[in-house]
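Reader: I'd like to learn how to read a fold like this one. Could you walk me through it?

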Amino acid sequence: MPADRRALHIGGDEAVGATEDSFVRSIRELLSLVKGFGERPVGRQESSRAGNGLGGIAQFWFDVPTMDLPARPPPGPAGPRLG
């Protein structure tokens with residue numbers, strides 16, 4: 001793949017009301033169109049449900065405020081302090 005190839009973001013998240021079949025068909029069509037224009041498709045991780053066989057990039061993201069994080073950081077590399 002050429003290093004100067006541009007990427008085009010197709011989304012793929014927040015497909016409220018879409019059936020699994022309509023979602024997969026829509027994403028695959030978008031992937032094909034984007035690649036047909038010579039661009040590299042980028043989509044949210046949800047878009048990978050449609051497959052990523054067209055050389056696309058799945059973009060994983062997370063929302064830190066909504067994550068189940070521990071109340072305090074885990075012990076450092078030396079392990080917990082005793083005593």
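Reader: Which residues make up the largest nonpolar core?

Author: A nonpolar core is a set of buried Ala, Val, Leu, Ile, Met, Phe, Trp, Tyr and Cys residues joined through side-chain atoms within 4.5 Å; buried means under 20% relative accessible area, with a 1.4 Å probe and protein chains only. Here the largest one has seven residues in all: Ile 10, Phe 23, Val 24, Ile 27, Leu 31, Val 34 and Ala 50. Helix H1 gives the largest share, five residues (helices are DSSP runs of H or I, at least four residues, and strands are runs of E, at least two, numbered from the N terminus). Keep in mind that this is a predicted model, where local features need pLDDT of at least 70, side-chain atom pairs count only at pLDDT 80 or more, and totals for chains, interfaces and linings use all residues. Residues are numbered from 1 along each chain as its sequence is written, and side-chain values use heavy atoms, with hydrogens and water left out.

Reader: And how do the strands pair, parallel or antiparallel?

Author: Strands of a sheet pair through backbone hydrogen bonds, in either sense; two count as paired if DSSP finds at least two bridges between them. Here three strands form an open sheet, ordered E1-E2-E3, and the pairing is parallel. Strands E1 (7–11) and E3 (57–59) are the edges, each pairing on one side only. E2 (residues 40–44) joins E3 over three bridges, and Gly 43 stands opposite Ala 58 in E3.

Reader: Is Ser 47 buried or exposed?

Author: Ser 47 sits in the loop between E2 and E3, and counts as buried because its relative accessibility is 7%. Leaving aside neighbours within four places in sequence, Ser 47 is in contact (heavy atoms within 4.5 Å) with Gly 11, Gly 12, Phe 23 and Ile 27.

Definitions and conventions
Buried means under 20% relative accessible area, exposed over 50%, partly exposed in between (1.4 Å probe, protein chains only).
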